[in-house]
Every structure is written in C-alpha cells, then in structure tokens.
Amino acid sequence: MVVAQNRPTRLLISKAAVAHNLAETRKAAHAKTVFLAVKANAYGFGLLEVSKAAIDGGADGLAVAVIDEALALREAGFTCPILIMSLIQPEYAGIAAANNFITTVASIDWLGQAAKYINGDVPLRVSVAVDTGMGRIGYRDRAEIDASLNYMEDNASLFTYYGLMTHFSQADSEKVDYFHKQLARWHELTDTLPKPPMIHVANSGAAMYHADEIPHDVIRAGTVVYGIEPSLGELRKDDYLQQIERLETELVFVKQMHEGDGISYGHIYHAHEGEWIGTVALGYGDGLMRKLTGFHVLVNGQECPIVGKLAMDAMMIKLPGNLPVGTKVTVLGTDGDKTIRLDDWADYIGIAPWELSIIFQDRLKRELVERF
Ligand SMILES: *Cc1c(COP(=O)(O)O)cnc(C)c1O
C-alpha cells in the first residue's frame, strides 16, 4: 500500500465535525454508549484517522467487521472496547479473547469450534446475534439460543455472555411495517432471556428514528456520524449534521486551448478557442467515479466543470481564466459560499453517498484536522 504523501491532494477529516455528529446521534437516540462503525476503512474515510477523531470526540467504542480491522486498531494503540460485528473464523477466538474483542456468535456450532482455540486465561466476550429478519447472520430459533447460553455457562472460563443484538433491514424510511415485524420477532425471541451487559440493536436509522421503541442504551452507528443523513432527507430535512470530510487538491498544470481541441481519453469534450483548462492530481485511481464527468469542483468559490473523462491519476477542469499552478481546488467541502457534499455526488451519479466514500483508495492521503 502506497499513500501519496507528497502530492498536494488530501482527504481531510474534521475532528470537530465527527464530535458534533456523534453528539447529535447520542442526543437523538438517548444513548449512553455509542460504538462507531469503522469497518471497511471507516466507510472509506480512513480507519485510524476516523477512530482517533471518534474516541477523542466522545465515542465509547469502535465496531468493525473483520478481525484484521480490530487488530489494526489494537496495534495502533486503541484500548477502547472493540466489537466485531461479522463472524470471525473460530480459529481466531483465542486471539480475539487475548485482545479483549467482543465477538459475534450466531450458532452453537461456532461456540463448540471456538472453544478449542481459547486457552482459558481470558474468556472470550461474545455478543449473541439474533436474526429477526435481516436474513444475514444470527440465531433464528429460541431453543438454540438457550442451548448456547447454557453452553457458555458450562464453559465460563472460555466464554462470557456479554451482548445480545439484532440488525434491522429497514429503519430509515417512512415505511415502518417491516421494522415493526422485526421488532416483534425480537421481543418474541429475547424478552425472557437473561440480560447481558450490552444489548444493542440500533444502526444509524434505528438510532435516529426508532429510539423510543427499542433498547437504546448501546447503539452501533456509522452513516449518521459520517455526516450522511440516514434517510437521505426522507425523514429529516434540517441540516443537523456536519460534513466530516474535505477533499482538496491544487492545479498542477494550466493551459489555454484552441477551438475544437479534445480533452482526455476518447475526446468526449472539445474546448472552445481561448478556453483555460486546469489539470488536478486526482483521478479514478484515488477512488473517484468516472461518472463525475460533467459535475464540478470549486475554485476561488466558483463552480468549475469537470471536463472529459477522468483519468486514473488526473482530471481536467474548465477554469474561468488563467489561474496559477498551485491554486487550491475543493473537490468535496466548502469554498466561499458554495459546498460540495457526498450527497451531491450521489444525486448526480444516482447511487448512495456511502458507496462513494467506501471506494476511496489507500493512495489518497487522509489527514486529521481539528476543524475546517
Ligand atoms: C455496518 C453496521 C452498522 C452501522 O450501520 P449504519 O447504518 O451505517 O449506522 C451497525 N450494525 C451492523 C451489524 C453493521 O453491519
């Protein structure tokens, strides 16, 4: 993995914005304990940068999908609770116990397998996943849950029943029927179970829009803390979140064109006589979609269209005039009275904003700043 340290292109993450969004989420959900989901490189924003911003900004724990992400956090010095939300291979149960991870269990078979790999010095803390209708992982049957809790009790030196969770398939929409179906199933399966220290069912949507109907002391939030409204504005239209990211770069080359000169691969754009075109050091190799052609960036507070196809390492923009190399270019963020958010890209391209951040590549340098 190579990070472009020495290129004037940076994805800045604002600690103040992360802290603000965490506080908004905590308030709306009435949550005591907030785990920030930092799986998949913190939704593309940068695992270590976002995790630092989150812990400094009031998050109580971090939630990941794979054990390698959890190990990377421990290696980087994070001592906070770490929840692994997907199933790990049973072979890694001992490593998970030694690192004090909270792991997810979804079958009695897994416990039997994992037991072979735990030496008993420190029991493994497990969170019991209940499938109430997401159809991904989790117990679907009460008898197997009971058997698993009994198994853990009989093997208390190996396992601690620490959590109970489910995940909603739709919690961020005006359509609430399916949510309520899942909630009813949750009550059916878990109401008479012994209660572990950590009961956690809410992702961003459930935390923001269903807190009063669900256990909400502990939540697992991602999207909303990244500054993306979970319902994409369907359920809440006010501007309560702050943009956590700012993607900025500079003009690295500027030229004046003649009438009809083509720009980039396949010449899908032709310039007019005298037009000024700037090149910036950022392309689809950094994780920008090529479909951003025709969208714009901000230069000196003005919208400048992205012209021609994005190249892997560069893209060209139409300038209002002859601007010097080194002029700042805002690709995401605010310049003057204009702002570009991931939601604007998402609307332009027609996919979800988090699908756009998740593809930011390692080459793109992340940098944590206090505020913008
Ligand atoms: C990713 C994930 C979350 C966070 O979801 P958001 O919708 O981004 O808040 C919560 N719980 C589980 C199990 C997840 O996989």
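Author: Accessible areas come from the Shrake-Rupley method with a 1.4 Å probe, and for residues only the protein chains shown count as cover. By that method the chain has an accessible surface of about 15900 Å², and 51% of it belongs to carbon and sulfur atoms.

Reader: What kind of model is this?

Author: This is a predicted model, in which local features need pLDDT of at least 70 and side-chain atom pairs count only at pLDDT 80 or more, while totals for chains, interfaces and linings use all residues. Residues are numbered from 1 along each chain as its sequence is written, and side-chain values use heavy atoms, with hydrogens and water left out.

Reader: How many helices and strands does the chain have?

Author: Helices (H or I, at least four residues) and strands (E, at least two) are DSSP runs, numbered from the N terminus. The secondary structure here comes to eleven helices and 19 strands. The C-alpha trace spans about 80 × 45 × 35 Å along its principal axes.

Reader: Which domains does the assignment give?

Author: Domain bounds come from an automatic or database domain assignment. In this chain they are domain 1 (14-226) and domain 2 (245-340). The centres of domain 1 and domain 2, taken over C-alpha atoms, are 42 Å apart.

Reader: What does UniProt place at K39?

Author: UniProt positions are given in the numbering used here, feature names are shortened, and annotations may be inferred rather than shown by experiment. At K39 an unreviewed UniProt entry places "modified residue: N6-(pyridoxal phosphate)lysine". K39 is found in helix α2 (residues 39-43).

Reader: Which residues does K39 contact?

Author: Contact means heavy atoms within 4.5 Å. Leaving aside neighbours within four places in sequence, K39 is in contact with A63, V64, A65, E69 and M85.

Reader: Which residues are around the ligand?

Author: A residue is near a molecule if one of its heavy atoms lies within 4 Å of it. The residues around the ligand include K39, M85, R136, S204 and T223.

Reader: Where do polar side-chain atoms lie relative to the ligand?

Author: A polar contact is a pair of N or O atoms within 3.5 Å; within protein, one must be able to donate a hydrogen and the other to accept it, and residues adjacent in sequence count only if both atoms are side-chain atoms. A polar side-chain atom of S204 lies 2.5 Å from an oxygen atom of the ligand. For T223 the corresponding distance is 2.6 Å, and for an N or O atom in the side chain of R136 it is 3.2 Å. Taken alone the ligand exposes 390 Å², and the protein buries 89% of that.

Reader: Is D239 buried or exposed?

Author: Buried means under 20% relative accessible area, exposed over 50%, and partly exposed in between (1.4 Å probe, protein chains only). D239 has a relative accessible area of 68%, so D239 is exposed. D239 lies in the loop between β9 (218-221) and β10 (245-256). K39, at 26%, is partly exposed. Across the 372 residues of the chain, buried residues make up 52%.

Reader: Where is D362, and what does D362 touch?

Author: D362 is in the loop between α11 (353-357) and β19 (365-369). Not counting residues up to four places away in sequence, D362 touches M1, V2, V3 and N41. D362 counts as partly exposed because its relative accessibility is 37%.

Reader: Which residues does the "domain: Alanine racemase C-terminal" annotation cover?

Author: In the unreviewed UniProt entry, that annotation covers residues 244-369. Over residues 244-369 the chain is 10% helix and 41% strand, and the end C-alpha atoms are 10 Å apart.
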